[in-house]
Amino acid sequence: MDYDMLVIGSGPSGRRAAVQSAKLGKSVLVVDRGRRLGGVSVHTGTIPSKTLRETVLNLSGWRERGFYGRGYRVKQDISVHDLVERLHKTLDHEVEVLQHQFMRNTVKSARANVKFLGPNKVSLTSDTGDYSEVGFANALIAVGTRPHRPRDVPFDKTRVFDSDEMLELDRLPRTLTVIGAGVIGVEYATIFSALDVPVTLVEPRNSILDFVDREIVDDFIHQMRDRGMTIRLGSAVKEIRSKPDAAEVELTDGRTIRSEVVLYAAGRTGNVGSLGLDIVGIDADSRGRIKVDPQTFQTSVPNIYAAGDVIGFPSLASTSMEQGRVAACHAFGVPLPPSPETFPYGIYAVPEISTVGQSEEQVRESGAAYEVGVARFRETSRGHIMGVNAGFLKLLFSIETRRLLGAHIIGEGATELIHIGQAVINLGGTVDFFVNNTFNYPTLAEAYKIAGLDAWNRMGRG
């Protein structure tokens, strides 16, 4: 059978492309090799790590420690069972919603391995060996990524784990070493730290999260160290050894870190190995990433698109969804307005970090005159009520146009609060919006008014 749109992968970009195509009246088949729909996002990535984070913060009483002290806990003995129970409920719900969405929009789905046979045909092979061929007018490659697993790292699911395998721990580790301080590394490191597990974070580079405003990152590192985490920047790993009683990480500077468990979280690789891309002439780089047109998401083969993590940065569920929608609309000739230049980036560590627009470093590089406004959450009434004793909002304004250039937040609710800054930037708003507008009181969002006033006091009326 032939389809108007073949979607390979059912994560955020694949799901959105499938539904968008169906809403345009097109026939759609989604093929995923996983046991259940949802892709990496639902089963090992976005949803599990965020659910784990929320469960840890609830059961540990982390949010209330500002009032009751660092020794405060809601549940004294937190087990892996406590964490996994909520995780499975959440995943079941996500899969049900997705299945219903496909059913409602008459999107067909199949479980199989896909291989291109040409620019308009693929083969499908099921786990049981059933073979079929399917034709398509357009295809979207949305296969996502998997953890990068170098051959010299002794992954064994006993002492040494990748980020997917961390969800299969049979008990909480007494000590943990995390290698790689990217988004996934810092999320898991801080989540386990919130459970009072002693954590060592190792990063070969001298800096972390280079796409985030430096002042936010400096505060983040300070908060991690303040609660007892050990951070080794500029420390490359020479060897990892899995021993019966512990894992050993030997660094190139001669130091050795011993811990019960090691999480290796240094990068991810696109799931493109079995697709037969060479048959249609699509190239992937050494990390399995596919190059696309950034406006249309077309690969080098015009009717085959790619979206989501498999095309690289920013590798966010939110941007992946939009990429899938844009690809589907372009495939069927539906014109779309240009997408806004800025989108929010959320890091679900403890504390949360979220950022939109230009960082102070980027504004400085542009040579534009600017002013900064800062509001610390502990200075807001809502922050005080919540017991928040850390975190802040930072706003960057152009002195010439008075427009908001960037908003950067670290602290409780950052990923929710960022959307106010996103709206103001994309609608061309100025510092006067924050000064003249009324915000609910008491709220953390009121920090926008405080930060706006902070900058306005130095900028004047303009």
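In the predicted model, Ala 18 touches Val 7, Val 28, Val 30, Phe 102 and Val 107, when residues up to four places away in sequence are left out of the count. Ala 18 has its place in helix H1, which covers residues 12-23, and this residue is buried, with a relative accessible area of 0%, a value that falls within the class because buried means under 20%.

Helix H12 is formed by residues 414-426, and its 13 residues reach 18 Å from the first C-alpha to the last, which is close to the 18 Å expected at 1.5 Å a residue. The buried residues in H12 are Ala 414, Thr 415, Leu 417, Ile 418, Gly 421, Gln 422, Val 424 and Ile 425. In an α-helix there are 3.6 residues a turn, so residues three or four places apart point the same way. The packing partners of the buried residues of H12 include both strands and helices, namely strand E18 (345-347), strand E19 (353-357) and strand E22 (404-410), together with helix H13 (431-436) and helix H14 (447-459). After H12 comes Gly 428, for which phi is positive, near 75 degrees.

Conventions: Residues are numbered from 1 along each chain as its sequence is written. This is a predicted model: local features need pLDDT of at least 70, side-chain atom pairs count only at pLDDT 80 or more; totals for chains, interfaces and linings use all residues. Side-chain values use heavy atoms; hydrogens and water are left out. Helices (H or I, at least four residues) and strands (E, at least two) are DSSP runs, numbered from the N terminus. The expected span of a helix is 1.5 Å times one less than its number of residues. Buried means under 20% relative accessible area, exposed over 50%, partly exposed in between (1.4 Å probe, protein chains only). Contact means heavy atoms within 4.5 Å.
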